[in-house]
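Work through the following exercises with the sequence and the model at hand, and try each task before turning to its solution.

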Amino acid sequence: MVGAFHGHAHNRKCQLLWHPTYIKGTGHTEGEGCEHIFSSSNDLARSTRYLSPFHRHQAIEEFFAFWDADKYAVLSNFLWNHYREALKAVHALEIELTTVKTVLNLTDADFSKFYDDERVYLDGLRPLQSPPGEGLLG
């Protein structure tokens with residue numbers, strides 16, 4: 001899976017294969033969990049720059065141990081809040097989807113077909129070719 005932010009840098013065909021939107025079971029995650037962790041550890045570079053390898057390693061180990069402990073301490077609230085948000089989102093999105101399906105006369109199978117049709121279309125595209133004499137070396 002490619003994180004949602006990174007997914008926008010990829011072409012559409014790559015997004016259809018690896019973007020969280022199209023991977024069953026990813027829900028509303030943006031897929032950037034590791035990015036958040038490493039981003040929070042960026043300050044370590046400045047504070048460990050002149051340490052010995054042993055003390056640098058020790059500081060990094062302590063940082064991630066504290067990070068884990070902090071996350072574990074608030075885990076139950078995190079899970080409860082996100083569970084409630086997910087229930088609300090599922091309810092709201094089901095209503096929206098039902099409305100869209102009714103207005104446009106669509107079924108669940110149509111959405112899978114649209115996805116498959118787009119992949120077939122993108123697979124069939126060929127790279128643009130320059131007319132003779134107009135290429136890079138022409």
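**Exercise 1: the lining of the largest pocket**

Task: sort the lining of the largest pocket by residue class, then find which helices supply it.

Solution. By class, the lining of the largest pocket holds 7 nonpolar, 5 polar and 3 charged residues, where Ala, Val, Leu, Ile, Met, Phe, Trp, Tyr, Cys and Pro count as nonpolar, Asp, Glu, Lys and Arg as charged, and the others, Gly among them, as polar. The model is predicted, so local features need pLDDT of at least 70 and side-chain atom pairs count only at pLDDT 80 or more, while totals for chains, interfaces and linings use all residues. Residues are numbered from 1 along each chain as its sequence is written, and side-chain values use heavy atoms, with hydrogens and water left out.

Next, locate the pocket: 15 residues line it, and G27, H28, A89, V90 and L93 lie nearest its centre. A pocket here is an open set of points on a 1 Å grid over the protein atoms alone, where a 1.4 Å probe fits, with protein on both sides within 12 Å along at least five of seven lines, and lining residues have an atom within 4 Å of a point.

Then assign the helices (DSSP runs of H or I, at least four residues, numbered from the N terminus). Both α6 (75–104) and α7 (108–124) supply at least two lining residues, and the largest share, 9 residues, comes from α6.

**Exercise 2: the second largest pocket**

Task: describe the lining of the second largest pocket by position, helix and class.

Solution. Begin with position: of the 13 residues that line this pocket, G33, H36, W67, K71 and F78 are the closest to its centre. Turning to helices, α3 (33–40), α5 (53–73) and α6 each supply at least two residues of the lining. Sorted by class, the lining of the second largest pocket has 6 nonpolar, 4 polar and 3 charged residues.

**Exercise 3: T48 and its setting**

Task: decide whether T48 is buried or exposed, and name its contacts.

Solution. First place the residue, which lies in helix α4 (residues 43–48), within a chain whose secondary structure comes to 7 helices and 0 strands. T48 is buried because its relative accessible area is 5%, and buried means under 20% with a 1.4 Å probe, protein chains only. Finally, leaving aside neighbours within four places in sequence, T48 is in contact (heavy atoms within 4.5 Å) with R56 and A59. For the chain as a whole, buried residues make up 12% of the 138 residues.

Note on methods. Buried means under 20% relative accessible area, exposed over 50%, partly exposed in between (1.4 Å probe, protein chains only).
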